[in-house]
Amino acid sequence: MGLRVCLVTPFSWSQRNDVNDHVAAAAAALRARGHSVCVVAPSNSASALAEGRRALKRLERDGQPPDGLVAIGPAIALARRSSVGVPVGVRANLRLVLGRGRFDVVHAHEPGLPSISYLALRDAHALSVATFHSPERLGYPARRVQRARLLARIDALTATSDEALAAARERFPGEYRLLPEGIDTELFRPGKPRRRFVLEWDPDERAQARAAVRALRDLPGWELVVLRTRPQMARPYVPRGLRSRVSVVTALDATARAELLRGADG
């Protein structure tokens with residue numbers, strides 16, 4: 001019989017980022033091994049929030065343990081490409097999930113942020129795991145005594161890089177296990193070589209783009225792919241005679257980049 005696992009991320013599930021990609025991959029791998037996985041996260045998706053409310057009602061009314069994604073509240077933006085859950089207003093939902101979910105393991109990511117990940121570890125009654133992904137997300141709680149209380153409730157500490165582990169160990173002393181970010185071997189499988197090269201477009205480095213375009217003139221049969229990482233970026237100038245061999249695409253996440261880069265040669 002499999003375990004009941006609760007994975008908690010502080011970042012809006014409606015936005016892709018490194019932590020959510022890690023959580024999604026871990027959930028899929030655990031389910032493939034026969035475990036039941038509930039992902040708890042904030043979201044700004046109206047449909048996800050509506051389904052989260054229905055899941056919470058089923059849990060409260062029938063005691064039906066949640067499975068899949070449970071969006072327990074909205075998120076607020078802290079930066080252009082990331083949002084975190086607001087603790088105020090979602091604590092009751094989080095306590096309901098943790099209290100009635102009958103989880104064997106609660107695994108919270110980036111608990112060094114003032115978020116539902118911190119609250120999940122503080123309030124969980126199951127075995128608990130904390131994973132740190134970035135050395136820049138370790139500022140909470142500010143007081144040493146609060147961090148000590150949190151550590152007393154955590155059964156295992158992990159980090160996804162040497163840098164994150166070293167920084168986390170200073171703030172949250174303990175025995176850590178390094179769990180590097182996984183690689184999707186299907187997504188990043190080798191592809192058939194193609195006569196093209198990829199340039200990641202940065203408007204502040206126009207000279208680099210011009211040099212790449214000039215090089216393309218001397219490479220008959222080759223193509224240039226200009227990769228924009230944000231849709232609002234300006235497009236580089238491409239001479240009319242080369243436009244059939246130059247494409248400009250926007251790749252917002254690792255999946256899109258991998259699909260684009262697979263098979264690129266050069």
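**Close-up views of a predicted model**

View A. H1 is followed by Gly-34, a residue with positive phi, near 95°. The model is predicted.

**View B. The N-terminal cap of H1.** Asn-17 caps this end of the helix. One of its side-chain oxygens lies 3.0 Å from the backbone nitrogen of Val-19.

**View C. Length and buried face of H1.** Helix H1 covers residues 18-32. At 1.5 Å a residue, its 15 residues should span 21 Å, and the end C-alpha atoms are 21 Å apart, which agrees. Val-19, Asn-20, His-22, Val-23 and Ala-27 are buried in H1. Viewed down the helix axis, the buried residues fall within an arc of 155°, so they line one face of H1. These buried residues pack against S1, S2 and S6.

**View D. Helix H3 and its surroundings.** In H3 (residues 91-100), the buried residues are Leu-94, Leu-96, Val-97 and Leu-98. They pack against strands S1 (4-8), S2 (36-41), S3 (68-71) and S6 (105-109), and against helices H2 (46-62) and H4. Arg-102 follows H3 and has a positive phi, near 55°.

**View E. The largest nonpolar core.** This core has 38 residues. Those with the most contacts inside it are Val-8, Val-40, Ile-72, Leu-94, Val-97, Val-106 and Phe-132. Helix H4 (residues 116-123) supplies the largest share, five residues.

**View F. Contacts of Val-106.** Leaving aside residues up to four places away in sequence, Val-106 touches several residues, among them Cys-6, Val-8, Leu-98, Ala-120 and Leu-121.

**View G. The second core.** A separate core of 14 residues includes Leu-199, Trp-222, Val-226 and Val-238.

Key. Residues numbered from 1 in each chain as written. Predicted model: local features only at pLDDT ≥ 70, side-chain atom pairs only at ≥ 80, totals over all residues. Heavy atoms only, no water. Core = buried A, V, L, I, M, F, W, Y, C linked by side-chain atoms within 4.5 Å. Buried < 20%, exposed > 50% of the residue type's maximum accessible area, 1.4 Å probe, protein only. Helix = DSSP H or I, 4+ residues; strand = E, 2+ residues; numbered from the N terminus. Contact = heavy atoms within 4.5 Å. Expected span 1.5 Å × (residues − 1). Arc of directions from axis to C-beta. Polar contact = N/O pair within 3.5 Å; in protein donor to acceptor, adjacent residues only side chain to side chain.
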